[in-house]
Amino acid sequence: MPDLATVATVLSSVKTATDIAKFLRESDLSLERAELKSKLADLIGALADTKIELVEVQETLAAKDKRIAELEEAFQSKDTLVRFSDAFYEVGADGKPTGIPYCLRCWESDHRKRQLVEKTFDKKVCTSCGHLYASGNAYPL
Ligand SMILES: [Zn+2]
């Protein structure tokens, strides 16, 4: 996954492209045709590298936006979930846990609210991380 180093690489590619463009602008028309073609090829290469690196940065930003949205949702749910036995539950009007069980591991580790579903008659499984729970310790209330 790209990080700040990728941004530095993008900036370096942009600088390379800019330097080549400046060189072409400042050189008079005395450049040999072969040299001109070589510099233009370098310029196109630097711009292509920049484009590829920017796509990676764009993907990283999209992933971070998604994660921020998940964390905002988790933050808003923070006070509405309460632990009971081996799962988390919504808090009912009476202040007691109610509803379907949510994965303890996903909530405590990743702040993700993931439902537990029936795997076998005596096991529940998290729909996200696959963690197994004894049905006797995580059941709808
Ligand atoms: Zn889970």
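What we have is a predicted model, in which local features need pLDDT of at least 70 and side-chain atom pairs count only at pLDDT 80 or more, while totals for chains, interfaces and linings use all residues. Residues are numbered from 1 along each chain as its sequence is written, and side-chain values use heavy atoms, with hydrogens and water left out.

Let me start with the layout. The chain is divided into domain 1, residues 4–76, and domain 2, residues 81–137, with bounds that come from an automatic or database domain assignment, and their C-alpha centres lie 46 Å apart.

Turning to the interface, four residues of domain 1 are in contact with five residues of domain 2, contact meaning heavy atoms within 4.5 Å. Between them the domains bury about 350 Å², 44% of it on carbon and sulfur atoms; buried area is the accessible area (1.4 Å probe) that two parts lose on being put together, summed over both. In domain 1, the residues losing the most area to domain 2 are Arg 67, Glu 70 and Ala 74, together 83% of what that side buries.

One salt bridge is counted between the domains, that is, a side-chain nitrogen of Lys or Arg within 4 Å of a carboxyl oxygen of Asp or Glu. Arg 112 and Glu 70 form a salt bridge, with their closest N and O atoms 2.6 Å apart.

Finally, the zinc ion is coordinated by the SG atoms of Cys 103, Cys 106, Cys 126 and Cys 129, at 2.1 to 2.4 Å, where donors are N, O and S atoms within 2.8 Å of the metal (3.2 Å for Na, K and Ca). In sequence, these donor residues are spaced C-x2-C-x19-C-x2-C.
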